[in-house]
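User: Hi! I'm new to reading protein structures. Could you walk me through this one?
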There are 2 protein chains.
Amino acid sequence: MKEPIKARLLKATEASLRETGASGLKARQIATEADCAVGSIYKSFSNLEAAADLVIATVFERLRATLTAVDHTPNAPRDHAIALSAAYLEFARHEGKLWLAIFELPAQADTPEGLIRQDALAHVFAEAHKAVATIVPEDDAADVTQMIWASLHGLSHLEATGTLAGGDPSVTDALARRVVESILEKESPQKETDDNR
Amino acid sequence: MKEPIKARLLKATEASLRETGASGLKARQIATEADCAVGSIYKSFSNLEAAADLVIATVFERLRATLTAVDHTPNAPRDHAIALSAAYLEFARHEGKLWLAIFELPAQADTPEGLIRQDALAHVFAEAHKAVATIVPEDDAADVTQMIWASLHGLSHLEATGTLAGGDPSVTDALARRVVESILEKESPQKETDDNR
């Protein structure tokens, strides 16, 4: 028995984004892959981009699960932050073109699917925020989380697009570690916060 | 009198990338805008992507000129680095979709145009490196430049794609300043390097 049309369309959309990135978001091709009519897309989702938003929401859910699964000991919050950073970079690498497509397909603010995607992203952010808040003062944790996230995204994106560092993952990883350590050190100098929680 | 075909094609390519980003790189449309046959593209450049590479090289040249024009006093290298960072973010914002297209259109390693683009990028990097090398030890300046560049790129890219911070430029600018200060502080603690050069 075939899967429901909506599930087939989501699978086809994910496969297409994974294969060719944002340019793989083509209605006719996705409908063909899902073995249904193009019109089914618009019966199943707000629009074609909304199908991508749901796929991206599942990527964010996987990222959150990945971050949640990172081991940590309560007394080593900095090591935990470094391990989360490494896991994020590895995740982005593993998702390949699907990860890059996220930044080429902005979430739609006015569809239910866009809101689901934004919500999934907020949950990832909350996971990172929780780790950062064990190191820096609570009222600064959101800003510091954004600083770290953006820095990691920049390194990841420049690696993936081959813009800097020749795309060598071990170079990116080493630079990422230094950036995260720098930000945490400045925002919360180590000796004053060893037993911070 | 009309401009030479190659110049018209470059103008049309730039206009198209600026208007619609990487998805604007379409041979037929660019040829129509340039008022020539599609075949002229392939007589003027190695391929269609090569025309984009030349346009991107001119973007990098403008960025370098922008960075070179940033005021600085020799005794305030950190202020200079902060001012360069702010100029970079403002430049990326101003170039809009053309800037984003750079990261969706990787340079081609095997065409003369791709090499021209890579060379223009190397010149921008050298300009940033020069400023960083007045603050951190010479043999570490390349790594620190990459760390700062990537962090700024991440903030800029997340702002442009509306992924974090709601796309508010003043928030990005403030976070950028903190990231750059953190990296420079960690790599070269202020009191030891006040009269560094």
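User: Let's start with A:D53: is A:D53 buried or exposed?
Analyst: A:D53 counts as buried, because its relative accessibility is 1%. Buried means under 20% relative accessible area, exposed means over 50%, and partly exposed is in between (1.4 Å probe, protein chains only). This is a predicted model, where local features need pLDDT of at least 70, side-chain atom pairs count only at pLDDT 80 or more, and totals for chains, interfaces and linings use all residues. Residues are numbered from 1 along each chain as its sequence is written, chains are lettered from A and ligands numbered from 1 in the order in which they are written, and side-chain values use heavy atoms, with hydrogens and water left out.

User: Where does A:D53 lie, and what does A:D53 touch?
Analyst: A:D53 is part of helix 4 (residues 48-68) of chain A. Helices (H or I, at least four residues) are DSSP runs numbered from the N terminus. Leaving out residues up to four places away in sequence, A:D53 touches A:P106, A:A107, A:Q108, A:T111, A:E113, A:G114 and A:R117. Contact here means heavy atoms within 4.5 Å.

User: How many residues of helix 6 in chain A are buried?
Analyst: Six of its eight residues are, so helix 6 (residues 97-104) of chain A is mostly covered. The buried ones are A:L98, A:W99, A:L100, A:A101, A:I102 and A:F103.

User: What covers them?
Analyst: The cover includes helix 1 (5-20), helix 4, helix 5 (77-95), helix 7 (112-132) and helix 8 (141-160) of chain A, together with helix 8 (141-160) of chain B.

User: Switching to chain B, at what angle do helix 7 and helix 8 pack?
Analyst: In chain B, helix 7 (residues 112-132) and helix 8 pack at about 110 degrees, with their axes 9 Å apart. Axes are lines fitted to C-alpha atoms, for helices over the stretch in contact, and angles run from 0 to 180 degrees between N-to-C directions. That makes helix 7 of chain B roughly perpendicular to helix 8 of chain B (65 to 115 degrees).

User: Which residues meet there?
Analyst: From helix 7 of chain B, B:L121, B:V124, B:F125, B:A128, B:H129 and B:V132 meet B:A141, B:A142, B:V144, B:T145, B:Q146, B:I148 and B:W149 of helix 8 of chain B.

User: Last one: how do chains A and B compare?
Analyst: Chain B can be laid on chain A with an RMSD of 0.0 Å, by a turn of 180 degrees and a shift of 0.0 Å along the axis. The two copies are thus related as by a two-fold rotation axis. The superposition is by least squares on the C-alpha atoms of residues with pLDDT of at least 70 in both.

Key
Helices (H or I, at least four residues) and strands (E, at least two) are DSSP runs, numbered from the N terminus. Angles under 35 degrees count as roughly parallel, over 145 as roughly antiparallel, 65 to 115 as roughly perpendicular and the rest as oblique.
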